[in-house]
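Dear colleague,

Please find below the structure that I am handing over to you. My findings follow directly after it.

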Protein chains: 2
Amino acid sequence: MMTIHGMTDSGNCYKPRLLMALLGLPFRHVEVSFLDGGTRQPAFTAKNPNAKVPLLELEDGRVLAESNAILCYLADGTSYMPLDRYERAVALQWMFFEQYSHEPHVAVRRSLMRYERLADQATPARMQTLLEQGNKALSVMETRLAGTPFLAGTAPSVADIALFAYTHCAEEGGFVLEDFRAVSAWLDRVRSLPGFRPMLPD
Amino acid sequence: MMTIHGMTDSGNCYKPRLLMALLGLPFRHVEVSFLDGGTRQPAFTAKNPNAKVPLLELEDGRVLAESNAILCYLADGTSYMPLDRYERAVALQWMFFEQYSHEPHVAVRRSLMRYERLADQATPARMQTLLEQGNKALSVMETRLAGTPFLAGTAPSVADIALFAYTHCAEEGGFVLEDFRAVSAWLDRVRSLPGFRPMLPD
């Protein structure tokens, strides 16, 4: 059975949990968090020198880092990885957008509001910049989702998993999702997928 | 023929030019730069609402954004995209690492030193943080490349193109490449690939 080393409250770590639930894949979860220094322990950095979660560990001990690369590995050969060459590249386009233009603003602002040990980094100027950049990312998604039900096209893909993770909890970072109607409707579409599981247990 | 909309001096825009040269693919280059506002012109944002280059335009007019997604599209079906499922995911792991942990530090520090219109953002505190984070990214590469000739394994892949782009010019951002011996040897291996072209014309 595969193991996910991850922090339950992290959207990046939620991504593989959500996809494995949608695909019906069993997995073992090992809690590792940056909040208590777990990601900087030698036993963990031996597995991921970049000291980040999530980390996927295969049954044979091989490991894979980077949440979106893990999604691509898990989705390979399933309906969540588009078969068409262009559509597959479009899914990747949205995943790289997520890591460069969305997560560093939408997710980071949430972290600064949510985790007490980061509170001293939440200066007014930084919070304002993160708000503007996060809203810009949500607007780019809004433009896309006004014209297509899922990010890569007509069917749900890894791109939707990658962007659902921090968009669905963006309000915890002070973003107003009702300002983004197409994004909100898309969030509901993802929540309706068979096998969907929420980030945190009820 | 495909068209690359891009800025010649940008490493992100160099990535598709380099891969197309290595693959022997002809292309048309259209210069679009953020420095003169070109990426914010309506004619360009109609093609890429995220207002960034590079942008690949296919012969039929379809477009693709995000440099690393463009690399994956171009490499699909060639030796630069590993056939093995795990190795392909490892290549993607390094490409997501590039966009999250490398480019925002190594490339951004170079931009702040190189482009006069960004100079007011180059505060001593920011430059120091970028130096530390960039060196951390280079150390993660060093650890990997001490044990394998190319990032995804024994053969060159899209991951090497993605990370060559801003690593080869990291000294323009104040990084000292001779401190990273395995990285330096790898840069030479990439430069020796048949069809290699430099970022800027001689």
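A residue is called buried here when its relative accessible area is under 20%. Please bear in mind throughout that this is a predicted model.

By that cut-off, the buried residues of helix H5 (residues 124-145) of chain A are A:Met127, A:Leu130, A:Gly134, A:Ala137, A:Leu138, A:Val140, A:Met141, A:Glu142 and A:Leu145. Their cover includes helix H4 (85-114), helix H6 (158-167) and helix H7 (181-191) of chain A. H5(A) itself has 22 residues and spans 31 Å from its first C-alpha to its last, close to the 32 Å expected at 1.5 Å a residue.

Together with helix H1 (residues 11-23) of chain A, E1(A) and E2(A) form a β-α-β unit, which is right-handed.

As background, most residues other than glycine have a negative phi, and most peptide bonds are trans.

The peptide bond from A:Val53 to A:Pro54 is cis, with omega near 5°. A:Pro54 is placed in the loop between helix H2 (42-45) and strand E3 (55-57) of chain A. In chain B, B:Val53 and B:Pro54 are likewise joined by a cis peptide bond, with omega about 5°, and B:Pro54 lies in the loop between helix H2 (42-45) and strand E3 (55-57) of chain B.

The other feature concerns a glutamate. A:Glu66 is not a glycine, yet its phi is positive, near 75°. A:Glu66 sits in the loop between strand E4 (63-65) and helix H3 (67-75) of chain A. Its relative accessible area is 12%, so A:Glu66 counts as buried. B:Glu66 also has a positive phi, of about 70°, and its place is in the loop between strand E4 (63-65) and helix H3 (67-75) of chain B. B:Glu66 is buried, with a relative accessible area of 12%.

Finally, how is chain B related to chain A? A rotation of 180° with 0.0 Å of shift along its axis superposes chain B on chain A, with an RMSD of 0.0 Å. This is therefore the relation of a two-fold axis. The same surface serves both copies, as 100% of the contact residues of chain B recur in chain A. Of the residues of chain B, B:Tyr100 comes closest to the rotation axis, its C-alpha being at 3.1 Å.

With kind regards

Notes:
Residues numbered from 1 in each chain as written. Chains lettered and ligands numbered in written order. Predicted model: local features only at pLDDT ≥ 70, side-chain atom pairs only at ≥ 80, totals over all residues. Heavy atoms only, no water. Right-handed = clockwise from strand over helix to strand, strands pointing away. Helix = DSSP H or I, 4+ residues; strand = E, 2+ residues; numbered from the N terminus. Expected span 1.5 Å × (residues − 1). Buried < 20%, exposed > 50% of the residue type's maximum accessible area, 1.4 Å probe, protein only. Contact = heavy atoms within 4.5 Å. Least-squares fit on C-alpha atoms with pLDDT ≥ 70 in both.
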